[in-house]
Structure formats: C-alpha cells, structure tokens
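Hello,

Here is the structure for your files. My notes on one helix and the aromatic pairs follow below.

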Amino acid sequence: MAPRKKFYVVWNGFATGVFDSWEECQLQVKGYPDARFKSFDSQEAAVAAYRGDPAEQLELLSAIAKGPSHEHVNYEAFPEIRLDALAVDAACSRNPGPVEYQGVWVRTGERIFHAGPFEGGTNNIGEYLALVHGLALLTQQGRHNVPIYTDSRTARSWVRNRQPKTNLKPTAANAPLFEMIRRATLWLQTHEITNPILTWDTPVWGEIPADFGRK
C-alpha cells in the first residue's frame with residue numbers, strides 16, 4: 001500500500017502557506033529562525049489550519065496572533081505622507097499559491113480588514129482585491145475623500161481600467177477566489193471612485209504599513 005500523502009503548513013518560514021511535499025516544506029523552514037510548520041493528512045485540514053482554526057491550533061495561533069513584527073517607522077517625519085489614509089497590501093507564497101490581503105490605517109497601524117488565504121492566487125490578484133475592498137469599505141462608510149495607498153502599479157492599472165488583466169486559469173481550488181474577483185470587478189464597474197489612490201514610495205518611506213513582513 002502506498003504511503004498516505006501529507007500536506008504541510010508553514011506559518012513562519014522563507015515562504016508561508018500550504019505545501020504538498022516535505023521537500024517543498026523543508027526548503028521554507030530549513031535554516032529559518034523560529035520556523036513554525038506542521039504536517040496534515042489532508043489538504044482540507046491543512047488549509048483550515050493555515051486559515052486559523054482556534055480549536056485545533058490554539059497554542060500556535062496564540063504565538064503568531066499578533067502577526068509579523070515591523071520595525072517602527074515615524075511616518076510623521078515624512079510630511080508628504082497622508083497619515084489619515086488606508087494602506088493595502090497582499091502576500092502570496094507561490095505563484096500561483098495561497099494569497100491573502102489586508103488594509104491598515106497608516107496613522108495607527110490598526111488592521112481594518114483582512115481576507116484569506118485563498119488557494120490558487122497571485123500577488124497581483126491579491127493587491128487588486130485589497131484595493132477594491134478598501135474602496136468599497138470607505139464608500140460604504142461615506143468616507144469618499146480618504147486616500148488609499150498601494151505599492152502595486154498593476155493593481156492601480158486594473159482598478160483604473162475597471163477590469164483585471166490576469167493569465168491565471170480558473171480551477172476547482174481557486175473557484176472562491178475567482179468569485180471574489182468577479183464581485184470586485186462588478187463593484188468597480190457600478191460605482192464611482194472618488195477616493196484618491198496614491199502610490200506608496202517604498203524606497204523612501206520603507207515598506208507599506210500593510211506589508212505582511214514576509215520578504
């Protein structure tokens with residue numbers, strides 16, 4: 001009888017996500033300080049654990065609940081930065097691979113929203129969804145003039161054209177992600193965008209506040 005296939009979740013490593021072989025997992029954790037990973041007997045269990053199941057992963061989740069630690073940056077030292085603004089970013093461990101995104105308030109660093117990880121995505125798609133999510137949220141709140149920062153030229157272009165331009169192929173695994181893309185694009189095509197979309201100047205200001213800290 002062939003050995004049962006295992007799936008591996010890496011929470012802390014050179015790349016994070018769900019991997020379908022020990023060799024791939026080992027590449028992410030070998031030599032990485034404080035690496036955190038675990039094997040599972042099914043892909044479903046691995047994905048659930050990576051997304052965060054408190055009942056099964058309480059001890060591990062408590063250790064990583066605060067997310068990546070960023071070096072403190074005094075954004076007030078850069079008068080050109082709009083502090084009362086939303087910053088958005090995405091992270092994808094492979095291409096394609098599990099993708100997630102978040103929005104963070106620049107002044108305080110407070111996380112305003114987070115979604116994912118979703119299977120079978122790309123970083124560009126994550127950046128696009130993050131930007132549309134931010135726009136939709138601010139519109140819903142009536143904050144039509146609050147700026148949004150992104151460090152993705154691609155996401156800005158897709159939003160400007162109100163249509164993503166991706167070569168990613170739909171699969172059974174990424175069907176939920178494609179449904180999100182469909183809904184985000186429909187929102188763009190049926191709403192007026194009034195919030196300024198600004199480019200985060202990473203070389204001058206450092207990583208965008210919404211960065212996941214996994215580079």
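Helix α4 covers residues 123-140, and its 18 residues should span 26 Å at 1.5 Å a residue. The end C-alpha atoms are 25 Å apart, which agrees. The expected span is 1.5 Å times one less than the number of residues. Helices (H or I, at least four residues) and strands (E, at least two) are DSSP runs, numbered from the N terminus.

This is a predicted model: local features need pLDDT of at least 70, side-chain atom pairs count only at pLDDT 80 or more, and totals for chains, interfaces and linings use all residues. Residues are numbered from 1 along each chain as its sequence is written, and side-chain values use heavy atoms, with hydrogens and water left out.

α4 is mostly covered, with 13 of its 18 residues buried. Buried means under 20% relative accessible area, exposed over 50%, partly exposed in between (1.4 Å probe, protein chains only). Just after α4, G142 has a positive phi of about 75°.

Now the rings. The structure holds 7 aromatic pairs. Rings of Phe, Tyr and Trp (its six-membered ring) pair if their centres lie within 6.5 Å; planes under 30 degrees apart are stacked, over 60 edge-to-face, the rest tilted.

Y101 and F113 have ring centres 6.1 Å apart and planes at 70°, so this pair is edge-to-face. Y101 sits in strand β5 (residues 97-105) and F113 in strand β6 (residues 111-121), so the pair ties together parts 12 residues apart in sequence. Both Y101 and F113 are buried.

W200 and W205 also pair edge-to-face, at 4.8 Å centre to centre and 75° between the planes. W200 is buried at 3% relative accessible area; W205 is buried at 8%. Ring pairs link Y75, Y149, W200 and W205 into a cluster.

Best wishes
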